[in-house]
Amino acid sequence: YPLAAAELECTRRVGISEARLRKWMLSVSAILQHQNGAVASGLLLWRRNIDREFKGVEPCPICYLVIHGANHQMPRLSCRQCHNKFHS
């Protein structure tokens, strides 16, 4: 066959743990290998996992980002008055 099976590679992990990333990659690669290589199904599963992970996370009220652009962290410092979380 001239076509090779699709391989999954993640070069950067941003905002999630290494174990969770490994679990997601295993589930997507299982779809790619065992369900006739349905790339669209794998991408939809990846998107659902990401949406579920960041559901309910409020963006930083200072920079309006969920994941900081420079250090790739989620807001974790809490304001003493309004209790909003923001990046350090």
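Biologist: Buried means under 20% relative accessible area. On that cut-off, is Asn 49 buried or exposed?

Modeller: Asn 49 has a relative accessible area of 8%, so this residue is buried. Please bear in mind that the model is predicted.

Biologist: Where is Asn 49 found, and what does it touch beyond its sequence neighbours?

Modeller: Asn 49 belongs to helix H2. Setting aside residues up to four places away in sequence, Asn 49 touches Trp 24 and Ser 27. Both Trp 24 and Ser 27 are residues of H1 that take part in the contact with H2, and Asn 49 is among the H2 residues there.

Biologist: At what angle do H1 and H2 pack?

Modeller: Helix H1, residues 18–34, and helix H2, residues 39–53, pack at about 155°, and their axes are 8 Å apart. Angles over 145 degrees count as roughly antiparallel, so H1 is roughly antiparallel to H2. The crossing of H1 past H2 is right-handed.

Biologist: Which residues make that contact?

Modeller: From H1 the contact uses Arg 20, Leu 21, Trp 24, Met 25, Ser 27, Val 28, Ile 31 and Leu 32. From H2 it uses Val 39, Ser 41, Gly 42, Leu 45, Trp 46, Asn 49, Ile 50 and Glu 53.

Biologist: How do these divide into nonpolar, polar and charged?

Modeller: The contact of H1 with H2 holds 10 nonpolar residues, four polar ones and two charged ones.

Biologist: Turning to the loop between H1 and H2, what can be said of Ala 38?

Modeller: Ala 38 lies in that loop. Its relative accessibility is 25%, so Ala 38 counts as partly exposed. Apart from neighbours within four places in sequence, Ala 38 is in contact with Ile 31 and Leu 32. Ile 31 and Leu 32 also belong to the H1 side of the contact with H2.

Biologist: What does the C-alpha trace span, and what share of the chain is buried?

Modeller: Along the principal axes, the C-alpha trace spans about 60 × 20 × 20 Å. Of the 88 residues, 15% count as buried.

How values were computed
Residues numbered from 1 in each chain as written. Predicted model: local features only at pLDDT ≥ 70, side-chain atom pairs only at ≥ 80, totals over all residues. Heavy atoms only, no water. Axes fitted to C-alpha atoms, helices over the stretch in contact; angles between N-to-C directions. Helix = DSSP H or I, 4+ residues; strand = E, 2+ residues; numbered from the N terminus. Parallel < 35°, antiparallel > 145°, perpendicular 65-115°, else oblique. Left-handed = near helix turned anticlockwise from the far one by under 90°. Contact = heavy atoms within 4.5 Å. Nonpolar A, V, L, I, M, F, W, Y, C, P; charged D, E, K, R; others polar. Buried < 20%, exposed > 50% of the residue type's maximum accessible area, 1.4 Å probe, protein only.
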